[in-house]
Amino acid sequence: MGKQVRILFTTDLHGSRKTFLKFLKALKIYKADVGIIGGDLTGKVVVPIVKTPDGVAVAEYAGQVQVIDSDAKRHEVLLSIEDCGYYPIDMSKEEMARLKSDSQYFTTTFQTAVSDRLKQWTDMARERLNGTGINVYITGGNDDYLELDDVLRASDSMTFAEGKIEMIGGTHEMISSGYANITPWKCPRDVTEEELYTRIDKMAQKVSNLETAIFNLHCPPIDTMLDRCTQLDTSYDPPRPLIGVDASGGSVSVRKIVEKYQPALSLHGHIHESRGIDRIGRTTCLNPGSEYSEGILRSVLVNLGEKKVDSFQFLSG
Amino acid sequence: MSEPHGTFARKTSGVVRDVSLRDAFIFGITLAIPFAANFFLFPLYSFLLPGADWTIATVIGLCLSLANYALYASFGAMMPRSGGDYVFQSRGVHPLLSFLSVISWDVFLQAPLFVTILGASSVQLGISPFLTMAGAASGNQALINAGNWAAGSTGEFTLAALFLILALAANIGGLKWVARSQKYILFPLMIISGIVIAALLFSTTPSGFETSFNHYAQILNGTSGSYATLISATGAVAPAFDWLHTIYLGIIIGTSFTFWTVWTAPFFGEIKGANNFRGLFIAFVAGGAFQAFFLMIPELAGFQYGLGSQFVNGAAFQGVVGIPSLAFHPGFGILTLMTTDNIAVMFLASVGYMVAGYFMLQLFLTNMSRYLLAGSIDGVLPLALSSPSRRFKTPVNALVLSALVCAIYFALVYFQPDQFSFWESVAVWTGPVLFFGTSIAGIVFPWTNKSIYNSSPISKYKGLLTISGLIVLACNLFVIIGFIAIPELLFPLGTNATLIIIAFALVGWAWYFAFAHYQKGKGIDVGLTYKEIPPE
């Protein structure tokens, strides 16, 4: 075996504080040289913490009502909410009513909460990675507001990799993109297949040695073991899963790109339930899946040799 | 998952609607294990446990199954994307336990044995009886010969192999075909056969059946008065009701049949994605209740009602011991068809059995291959097992290996018909091994995986996971220990079965440690696969 780089890749953390912290810890436990976070950093839900007339606060989430009557309880509830990837926000009843009725206010409130969480993460990464020599590369995913890029770009503890070529382990050029093909939810970084192809192709053309390259593309290639998901009936809002009907949620463009350029390794996420490995020509394609809402860190540890993947291991910690 | 009350979800959130209760119910009943119990219960367990009331035993089995449904619904709600016993046991206890119970015992012993027996059930309950009885009713000797051929070693092997090839093709083609065929072919045909069988059996009487049996036995066996000859071999006795035997049978029915509705975990991805204990539990209960109250109790109760306890007792004795000698095997299927001379009705009664065995074979093949796939992805089995078909995106190598293992058991079991009862009992005996491991995982999970458990919706049902695990473990231990300690169940296992179980365990352990050592040389530590990472 030639010089080997040990990469720990995870994706689709969706705001889960616990899963992010586990990732930082796992880098040391698994003795990784490099960490890569593949996008979809944004959580999905705001949990109002509303003060009641008798002085306690109430939060309702995951089918449970939490009465907060002490600092210790508040700390416990906040952590529990953040661990799920939700955003706890203190607000009055009037503000809660405004969240329901004013979509612009909701978006602003949400984006602020997301940005604050990401800033916390960059602080946590600085604190925990200091002195380890481990580099962490991070991008947004299709579910992430474009404004988050500024937060990530400003981080001094993790390298924002979207749209750039980063050198991994001194040998492997990595291109990264968190964009995806159009989904039923029309996410912030959902684009047409043509635009997705152009966006990634532009980066790939600049790679000097594709034989050793890594493609970190949030959306998996279509018709692989990495993009299996349930067919959705989008006539409902939210969409309704069609039981027993399988679908392919990946991108035609991503597949074409991987087929065309044949890097050593491609890393993907986006489809949480489709943990798997596939090969497109000489390229090893991996998706570790995601179980962020259960606080389980799904990741894949890749031992990348000079021109190919020497070995890999899916982990669930 | 849908938006919880009191929170606000983004529009662009990837949220999907909860699966409705109606969907969960329908999904559950299409995935019930169809008719398999009827094949096992008669003649073998009728012979071993005389006096057991099948109806009460089935209800006991279903009640015990509620614990298993709660166990699996809990795991499914806690880890909706983890998928199956292999992960539950790896995470809950240790990867070595899951390798042993799921890979070593289940994939390479229990599942292919069940596939073998279920393949036989399609033939013995459906195909052979229909051909034989259609021939007897129409005076067509060629059909009778075809029925006898189907029931013989070569016929069973040939037909089971054909089913296996079809099941392999369906699985390689993709799960959507498996799921659709289950919903649109198996389900309606099961309903039709279930109704027709119950109607036939409840519309006959023991005296009426005596006339029919003598008529058909004259045609098939060339003897007259066969009814009286058959029941006299056991002294024309109708065994008295026996509570202990009924309870034994209830536990066996639970662990071997109604428990197994939960084994449809791979098809529950969408319900699991809803992170919904209630939906999963309802789906499992629907499947188990459908199996018990529609596919088992009416048919079994009708069998005893219409044929009479004396005859059932005598036929069970003949079926296991072979006395008196008969040119046909008086199994559940053929005896049911003797209550009519209408060939079309015979077909409707048989078709459910014909397809049921095939569909169970198909489902077992799916699950065997998924366990192999999981083991391969986890690094304890060769990577080749997770390589997909280029065209269909299914784990073709794992499927082919699963089919090959089944084919080996076909040859082993079908060509030793005098050993059939032995293998049948080994199948029932090893049935609990999968649940054994998962029940242990359930018992200890709140302590071994505190953070996952405490943050899951299951934690609000204090003690549910541990208690349901304890009940399931107790049932499984009864079967495992009972088959070597309870006199009624000792036949026909003996030392050989114990040696087989131990041998598979030792080979499994040896493989695990050898392959783990090999993987270590490649920089992979399989012990890390499910290691809980502390966040702080």
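Let's start with a helix pair in chain B. On α7(B), the residues that meet α17(B) are Ser153(B), Glu156(B), Phe157(B), Ala160(B), Ala161(B), Leu164(B), Leu168(B), Asn171(B) and Ile172(B). Facing them on α17(B) are Val396(B), Leu399(B), Ala403(B), Cys406(B), Ala407(B), Phe410(B), Ala411(B) and Tyr414(B). By class, this contact has 14 nonpolar residues, 2 polar and 1 charged. Keep in mind that this is a predicted model.

How do the two helices cross? Two packed helices are described by the angle between their axes and the distance between the axes. Here α7 spans residues 153–173 of chain B, and α17 spans residues 396–414. Their axes come within 10 Å and cross at roughly 170 degrees. Angles over 145 count as roughly antiparallel, so α7(B) is roughly antiparallel to α17(B).

Hold on to Cys406(B), one of the α17(B) residues in that contact. Cys406(B) also touches Val115(B). Val115(B) sits in helix α5, residues 95–138 of chain B. In sequence, Val115(B) and Cys406(B) are 291 residues apart. In space, their C-alpha atoms are 6.8 Å apart. Leaving aside residues up to four places away in sequence, Val115(B) touches Leu361(B) and Phe364(B) as well.

Is Val115(B) buried or exposed? Val115(B) has 30 C-beta neighbours inside 10 Å. The cut-off for buried is 20 or more, so Val115(B) counts as buried.

Now chain A, and its sheet. Strands of a sheet pair through backbone hydrogen bonds, either parallel or antiparallel. This one is open, with 6 strands and mixed pairing. The order is β8-β7-β2-β1-β19-β20. Which strands stand at the edges? They are β8(A), residues 159–160, and β20(A), residues 309–316. Each has a single partner strand, so one side of each is left without a neighbour in the sheet.

Further in, take β1(A) and β19(A). Strand β1(A) covers residues 5–10, and β19(A) covers 298–304. They pair in the antiparallel sense over 6 bridges. One bridge joins Ile7(A) to Val302(A) in β19(A).

Last, the domains of chain A. Domain 1 is 5–43 + 110–316, and domain 2 is 46–100. Their centres, over C-alpha atoms, are 31 Å apart.

How values were computed. Residues numbered from 1 in each chain as written. Chains lettered and ligands numbered in written order. Predicted model: local features only at pLDDT ≥ 70, side-chain atom pairs only at ≥ 80, totals over all residues. Domains from an automatic or database assignment. Helix = DSSP H or I, 4+ residues; strand = E, 2+ residues; numbered from the N terminus. Buried ≥ 20, exposed ≤ 12 C-beta atoms within 10 Å, placed from the backbone. Contact = placed C-beta atoms within 7 Å. Axes fitted to C-alpha atoms, helices over the stretch in contact; angles between N-to-C directions. Parallel < 35°, antiparallel > 145°, perpendicular 65-115°, else oblique. Nonpolar A, V, L, I, M, F, W, Y, C, P; charged D, E, K, R; others polar. Pairing = 2+ DSSP bridges.
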